[in-house]
There are 2 protein chains.
Amino acid sequence: MSDRFRVTYRLQAVDEAEARSRAEAVAREQTVEIPRAAVPAGYVADVMLGRVEQVTPEGGAWRAVVSYSPDTAGGEVTQFLNVVFGNSSIQQGIRVTGIAPGAAMAATLPRPRFGIAGIRRLCARPRGGLIAPVLKPMGMPPEYFARLAAGCVRGGADIVKEDHGLASQPAAPFRARVRAVADVVAEENARSGRHALYFPNLSGRADEIEDNLHFAREAGAGGIIVMPGLFGFGTVARIARDAGLNLPVMTHPAFLGAWVLAPDNGFDHGTLFGTVQRLAGADISVFPNVGGRFGFSAAACRQIADACRAPAGHGKPILPSPGGGMSVERAADMTAMYGEDAVFLLGGSLLADPDRIDDAVARMRAALDGG
Amino acid sequence: MSDRFRVTYRLQAVDEAEARSRAEAVAREQTVEIPRAAVPAGYVADVMLGRVEQVTPEGGAWRAVVSYSPDTAGGEVTQFLNVVFGNSSIQQGIRVTGIAPGAAMAATLPRPRFGIAGIRRLCARPRGGLIAPVLKPMGMPPEYFARLAAGCVRGGADIVKEDHGLASQPAAPFRARVRAVADVVAEENARSGRHALYFPNLSGRADEIEDNLHFAREAGAGGIIVMPGLFGFGTVARIARDAGLNLPVMTHPAFLGAWVLAPDNGFDHGTLFGTVQRLAGADISVFPNVGGRFGFSAAACRQIADACRAPAGHGKPILPSPGGGMSVERAADMTAMYGEDAVFLLGGSLLADPDRIDDAVARMRAALDGG
């Protein structure tokens, strides 16, 4: 019983009877997917069938907790998410607001390999907010990104992050770009005694992903960006589990948008950009910052940061990484909001003058350090 | 110019000026992701930057067509979808309502390997609706699924489909189940002169997927079910491209729900469950049928079927596969609605009496054939 994992859903329903009926329907839909009368007695009915643990009113809707056996998930994160919300995600008025994996499931899921402490150790930044300038735009050649990256390291970047739109375009194929940028980051680190980590953006056809991961590692990448909305959370888990590869994972929210935009469907912000990322093994979770162009509220951003860092969460606490809307002028506010354990992305504003990106990064470093 | 692919977005905006401004923002967001003034002149500004082709009023909102260079997508479907809707999916009031790949992009994307004609040939059903009973529930052993599958073949099933919830659970690990069911389907086909195809549900950790695909093929699977919401559309494309594997792909909508539920976000139904599946190389696209428990409208279902089968669409026309709400009593209505070129899923209703599943399938066959 205590071994079952628990998913909390917010259900729209006119009364408790309907809410309870919807919760029972979710418990069936996510597991046996047959009418209750047809569920075989014994193991299937007693263990595999989802079980409604609680239905209570909550702010004009209903909070339903459904428990599932770890056997339904077969020990891996893709099927775990399929049980959490595979088919029910297609029904109106059901939103996942919490996932508690329980001890048995937690033991078979991947864990963040590095977490906050591990990333801080790798980039030798024991305290203070972390800075991650972004290499872009797509269409420029590897030498351009290498030059930008060198400036970022000189300026004091902790992570040199590629834009999630850099794939394997003709002007900068994945391998040529990764090699060029990794080399220059290593050189600048050696020259300056810094420890900036270069995170290329994982891309390629499905059957190239394995080779591209190993290529990135061997070229000297210090981590990797994965878009789970496009590549699946299984890809995050696959990297997190791999002690040989030993690569930190930064997840990016591209192609995940619809999951949070409608208030009565999908996942709440903290669950998707915090809890789920951590359950899949991410070390850093990128999400759209309040005040940027994506309209996330301050409350949603705080919920994400809390889910990323909650000591009681799955595995090591991880770094929330608000993207967009960051500037020297906002540095104090952002530190007040997120505290020090965050990776602040620095995007388009830096690239107004690419030749002075080192100064721009250094100013941000000083601003974050209260200078 | 004619080589650019075109994405149609429905934008919420108060007036044409705002709509145009939003369209320009999408064109930047999906490509260079930097302010217009910072976009390097030449190739990046002229080719890589998205281009607003048209903004027109449409039913209380705005229809914006943005064109992109195939260079942005680097020749593969994951990055193609990232350009179509990666970051803009996170903004309120933007819905993708059409994707026209254009000749150059279409030439580099995968294509459905079999399509309607190919699937009909494989299961020797030149005309009439196709029947696909579903093996479930999770928690039963391989022998149970094998017995069900045998009954399905005897009854005249065209495709014996696994439930999308069957993964690699303790009671029926992927390989043991696939082997047992494939063997019995081959035996029953041989005995009865039928040509039923067995479609197992692809599952496993990311680094097991390749081996599981080959295992399924060698065990005798006639196709494979993929959940692109969980495994990514790149996995669909990877299978579609593989002439050696030569496996039909049936895509399942699990974990894609939020993309269509909110009317002003995500994708419209036809684009997600028709156009996108076809662009990724699916041969059969499963979606929730009208009148079932998912609330899709008849119009949405027709839009999906049309996008799957439109002769002018990408590659071969593919089979729409409405799931849920199918019964002998509804067979005539369903044929009237979808025509013959559809795969009708038969789920929970069949399993009320698992020992007579052959009769149930045979009755459905007769009903579809107007008997």
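**Figure 1. B:H269 is a buried residue of helix α12 in this predicted model.** The relative accessibility of B:H269 is 15%, so B:H269 counts as buried. Helix α12 of chain B covers residues 269-280. Leaving aside residues up to four places away in sequence, B:H269 touches B:R95, B:V260, B:G274, B:F296, B:A300, B:Q303 and B:I304.

**Figure 2. B:D158 and B:R365 meet in a salt bridge.** The N to O distance is 3.1 Å. B:D158 sits in the loop between α6 and β6 (159-162) of chain B. B:R365 belongs to helix α15 (residues 357-368) of chain B. Are the two residues buried or exposed? Both B:D158 and B:R365 are buried.

Figure 3. B:E16 is partly exposed, at 39% relative accessibility. B:R20 is also partly exposed, with a relative accessible area of 36%.

**Figure 4. A salt bridge between B:K136 and A:E33 joins two chains.** The closest N and O atoms of this pair are 3.6 Å apart. B:K136 lies in the loop between β5 (130-135) and α6 (142-155) of chain B. A:E33 lies in the loop between α1 (16-29) and α2 (43-48) of chain A. The two loops belong to chain B and chain A, so the pair joins two chains. B:K136 is buried, with a relative accessible area of 3%. A:E33 is buried too, at 11%.

**Figure 5. A:E33 is part of a network of salt bridges.** Which residues are linked in this network? They are A:E29, A:E33, B:K136 and B:R293. B:R293 forms a salt bridge with A:E33, with the closest N and O atoms 3.1 Å apart. Between chain B and chain A, the count is six salt bridges. Over all chains, a search of the whole structure finds 34.

**Figure 6. Chain B and chain A bury about 6,200 Å² between them.** Of this area, 64% is on carbon and sulfur atoms. The contact takes 76 residues from chain B and 76 residues from chain A. Between the chains there are 24 residue pairs in polar contact. On chain B, the helices α2 (43-48), α3 (77-85), α9 (228-231), α10 (233-240) and α11 (258-261) each supply at least two residues of the side that touches chain A. Which helix gives the most to this side? It is α3 of chain B, with five residues. By class, the side of chain B that touches chain A has 36 nonpolar, 28 polar and 12 charged residues.

**Figure 7. A rotation of 180 degrees superposes chain B on chain A.** The shift along the rotation axis is 0.0 Å, and the RMSD is 0.0 Å. The two copies are thus related as by a two-fold rotation axis. Why can the copies be said to meet through the same surface? Because 100% of the interface residues of chain B are also interface residues in chain A.

Technical notes: Residues numbered from 1 in each chain as written. Chains lettered and ligands numbered in written order. Predicted model: local features only at pLDDT ≥ 70, side-chain atom pairs only at ≥ 80, totals over all residues. Heavy atoms only, no water. Least-squares fit on C-alpha atoms with pLDDT ≥ 70 in both. Contact = heavy atoms within 4.5 Å. Salt bridge = Lys/Arg side-chain N within 4 Å of Asp/Glu carboxyl O. Helix = DSSP H or I, 4+ residues; strand = E, 2+ residues; numbered from the N terminus. Buried < 20%, exposed > 50% of the residue type's maximum accessible area, 1.4 Å probe, protein only. Buried area = accessible area lost by both parts, 1.4 Å probe. Polar contact = N/O pair within 3.5 Å; in protein donor to acceptor, adjacent residues only side chain to side chain. Nonpolar A, V, L, I, M, F, W, Y, C, P; charged D, E, K, R; others polar.
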